[in-house]
Amino acid sequence: MDAIDVGWLSILPPVIAIVLALITKEVISSLIVGVFSGTLIYAFSTGGGIVKATDVTLTLMGEKLGDNASIILFLGFLGALVAVITMAGGSRAYGEWAGNKIKTKKGAQLGTSLLGTLIFIDDYFNCLTIGTVMRPVIDKHHISRAKLAYIIDATAAPICIIAPISSWAASVISQMNGLEVNGQALNGMETFMATIPYNLYAILTLIMVVVLCVTNIEFGPMAKFEEEARNNKGNLSVGMDQEGGDEFARMKISSKGSVFDLIIPIAALIIFAILSMLYIGGYFEGGMTLAEGFGNTDAGIALAIAGFGALVVAFVLFVPRQILDFKELMEGITIGVKSMVGAFIILTLAWTISGVCRDLLGTGEFVGELVRQSHMPAALIPAIVFLVAGALAFAMGTSWGTFGILIPIVTMVCGSVAPELVTAALAATLAGAVFGDHCSPISDTTILSSTGAGCKHIDHVSSQIPYTLVVAACCFVGYLIAGFTANVWLTLGSSIALLGIILAILSRRNKK
């Protein structure tokens, strides 16, 4: 199936899915309608009808599921690992330890943020692990699950996109490598490193999380959820029923587990993930640098291997010590995989609608061509690219797809018009894609953040959008400054200063 040019109709599927999700507060049916609307447009535009649209839908869904099978496996293994660790009492022991060590609400939020920044290898791992580990501590200090979901989401993609050793960096480096500016090929790793201080959304989001944790500034829907949590009016585990929470609640928790029964399997997962990424990337065959090893890897397969390896470590750790017997271990694995079924469905539909936009209707090419033909002033390119990347990632629900579409276009356009702005424009592409992905209801990272936090997905989306918009506004101003000055430190400093002013105003309003 080749992509066709349908003009403005190409943006309808994601718009329909997003609008329905916000109106009905039901993601799965909204995604189904969005997917089918896109395949109907494709079918009727190529001389078919409803039967062809149905065939295209199922074929594309099968392809996307096959392409991402390793991610599904990883999530299944991770769900199983989480359940087994929970049954062994590792999470309970860590919760008790953290509960004794963390005495304040501020400490609980900062502890969650710190853990989020330490798990920088992959956003999927980040989202699901932090939520499971920190939920007991967050609940004890009457912090809403919506706030937990925001902290998880805000320390997932933003930290991954500026960490040179991560699945995100590997993807971006591979896409930048070899692109030409004024006849010279870019070095992917060097270009990526140069974009880090220009990646305003990632840096400002991390700063915003710390400030919110320290000051407890609340606004928008988040203020309502936090008030309910403080007054014990909200159901702290709301939304967990759709992700297997009831089965988790009924699990028999061992009293023999210790903090090490949580730390060792997770440490094994991190170590196995790093080694697997390097192995699949060909690093151990020799002749390449560490960065090249990560750049050549397949993160999905590496993470699946790591998840399986961590489960083996859990088996060796728990069964011989009789913390769990073999039957209980297998029961925990079954429960953990079941807990991910909701995420499997939503992710499959999210990948499918992304495929409809990218592979059938050429949504990204349509938007990119509009930008290329607009003949905008060169100084405006970074700011406009940030907005376009944000809108595209929001509509498609994927930052990686946005990278793939816009990075070559931005390099070509900026290289011919304003070569001195290539780094800033590429950074704006990355920042805008993360911004759009961060607040999109159909983004896999957004879905997994709400899953990990045990929060209703639509509550997470609605409560974090005001926070993301504040950061995005500061970034837009920063990229305007970048376009006119091409000075990275003036750009970064002015953006941070503007964010500080806005947060100071919000803090003063909160006190009143």
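A salt bridge is a side-chain nitrogen of Lys or Arg within 4 Å of a carboxyl oxygen of Asp or Glu. The model is predicted, local features need pLDDT of at least 70, side-chain atom pairs count only at pLDDT 80 or more, and totals for chains, interfaces and linings use all residues. Residues are numbered from 1 along each chain as its sequence is written, and side-chain values use heavy atoms, with hydrogens and water left out.

**View 1. Salt bridge between Asp139 and Arg145.** The side chains of Asp139 and Arg145 meet with an N to O distance of 2.6 Å. Asp139 and Arg145 are both buried (buried means under 20% relative accessible area, exposed over 50%, partly exposed in between, with a 1.4 Å probe and protein chains only). By the rule given above, the count comes to 6 salt bridges.

**View 2. Salt bridge between Lys105 and Glu226.** The N to O distance between these side chains is 3.2 Å. Lys105 lies in helix H6 (residues 105-118) and Glu226 in helix H13 (residues 221-230), so the pair links distant parts of the chain, 121 residues apart (helices are DSSP runs of H or I with at least four residues, strands are runs of E with at least two, and numbering starts from the N terminus). Lys105 and Glu226 are both buried.

**View 3. Salt bridge between Arg230 and Glu218.** The closest N and O atoms of Arg230 and Glu218 are 3.0 Å apart. Because Arg230 is in helix H13 and Glu218 is in the loop between H12 and H13, the pair ties together parts 12 residues apart in sequence. Arg230 is partly exposed, with a relative accessible area of 37%, while Glu218 is buried at 11%. A network of salt bridges links Lys105, Glu218, Glu226, Glu227 and Arg230.

**View 4. Packing of helix H24 with helix H25.** H24 (residues 444-453) and H25 (residues 457-485) pack at an angle of about 115°, with axes 9 Å apart (axes are lines fitted to C-alpha atoms, for helices over the stretch in contact, and angles run from 0 to 180 degrees between N-to-C directions). H24 is therefore roughly perpendicular to H25 (angles under 35 degrees count as roughly parallel, over 145 as roughly antiparallel, 65 to 115 as roughly perpendicular and the rest as oblique). On the H24 side the contact is made by Thr446, Ile447, Ser449 and Ser450, and on the H25 side by His457, His460, Val461 and Gln464 (contact means heavy atoms within 4.5 Å). The residues of this contact divide into 2 nonpolar, 6 polar and no charged (Ala, Val, Leu, Ile, Met, Phe, Trp, Tyr, Cys and Pro count as nonpolar, Asp, Glu, Lys and Arg as charged, and the others, Gly among them, as polar).

**View 5. Crossing of helix H12 and helix H23.** The axes of H12 (residues 200-215) and H23 (residues 422-439) come within 7 Å and cross at roughly 50°. That makes H12 oblique to H23. Leu200, Tyr201 and Thr205 of H12 meet Ala431, Val434, Phe435 and His438 of H23. By class, the contact has 5 nonpolar, 2 polar and no charged residues.

View 6. Ser70 is buried, with a relative accessible area of 15%. Leaving aside neighbours within four places in sequence, Ser70 is in contact with Gly300, Ile301 and Ala304.
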